[in-house]
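Please look over the sequence and the structure shown below.

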Amino acid sequence: MNMTTTLGRLGASALAALSLMAATTGGAGAQTLLRMATALPENHLYMNEVYTPFIERANEAAAGEFTIQPFPPPFATNTNMLDRVVSGVADIGIIQMPAIGVPFPRTDVIGLPNLTSSSEAAMAALWGLYEDGMLDAALSEQFVLLGFVTATAPRLFTRFPVHAAADLQGRRIRITGRATSDVIEALGGAPTSISITEVYQALDRGVVEGLTTAINAVAAFHFNEVVSYGVENFAFGLVPGAVIMNRQSYDRLTDEGRAALAEVTGLDLSVFIGRAMDEIDAESRQVLVGAVEMTDLSPEELAIWQGG
């Protein structure tokens, strides 16, 4: 490669960087573009039903002070999301605490088994704990916390009837994480880790005999074709996450911009996300009708599971 070509490419890269800076920060009176890394495909259910509506609400509240624009992968992924936001590559991002390996252990309180099956209630409680100073101090050190997020509550779905822990003895159950694995193991099952894209075949062939997952995942992956039973009144723990913002990006907003952002974040955003997730859970239940028999554990058995 000759020197002219090299300089030309460097010049093009520099111009692109300058253009991005101009679009992002703008001059006096210019609208600020906020790049929101989602780690989700544009057509993902959670984008359509949860995060896009939030972005629209925020942009409406901003009244021209800023515009949030979603950036799907590969702009950022679950594993590098924190770094992307803290370094300023992304202005806003959605982090999943387990995926980034960051020590925010107190947020794991919503991961306790059967604490609640309501994402909205969990998000409201988590934000309340944060405001009371009872969560990890690091949540306020590296970034601006805009709100907490989670997904829908996972439940147990199996190929065989489950009425008691004894029914799980030695059964291979596909799990969604460490907390779920601990519960299944304590109940006598055999926790098994398999990629979500391989679970359908594994269930169909008997490689695993059940799984813990959210109802909307049953719908999305057609698991209702390969499982016949589910436990209704026991929800496995929710996974904590958050919408975070680069501190410099936040400071660059005008007073009006920060005030507009405050209107749609904090408790408002946390509850909005939780409520949207609960609605997804409710709407997804139609896939269970006539295909999956949902049963309740007895009070005595439920007490065993909650202590498992």
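## Around Met36

Leaving aside neighbours within four places in sequence, Met36 is in contact (heavy atoms within 4.5 Å) with Tyr51, Phe54, Ile55, Ile68, Gln69, Pro70, Phe71, Ile92, Ile94 and Val243. This is a predicted model, in which local features need pLDDT of at least 70 and side-chain atom pairs count only at pLDDT 80 or more, while totals for chains, interfaces and linings use all residues. Residues are numbered from 1 along each chain as its sequence is written, and side-chain values use heavy atoms, with hydrogens and water left out.

## The nonpolar cores

A nonpolar core is a set of buried Ala, Val, Leu, Ile, Met, Phe, Trp, Tyr and Cys residues joined through side-chain atoms within 4.5 Å, where buried means under 20% relative accessible area with a 1.4 Å probe, protein chains only. The largest such core has 30 residues, and Met36, Tyr51 and Phe66 have the most contacts inside it. Among the elements that give two or more residues to this core are strand 1 (32–37), helix 2 (45–62) and helix 11 (267–284), helices being DSSP runs of H or I with at least four residues and strands runs of E with at least two, numbered from the N terminus. Helix 2 gives the most, with eight residues.

A second, separate core of 27 residues includes Ala39, Met81, Ile100 and Leu238.

## Helix 2 against helix 11

The contact between these helices is made by residues including Leu45, Tyr51 and Phe54 of helix 2 and Leu269, Phe272 and Ile273 of helix 11.

Notes: Buried means under 20% relative accessible area, exposed over 50%, partly exposed in between (1.4 Å probe, protein chains only).
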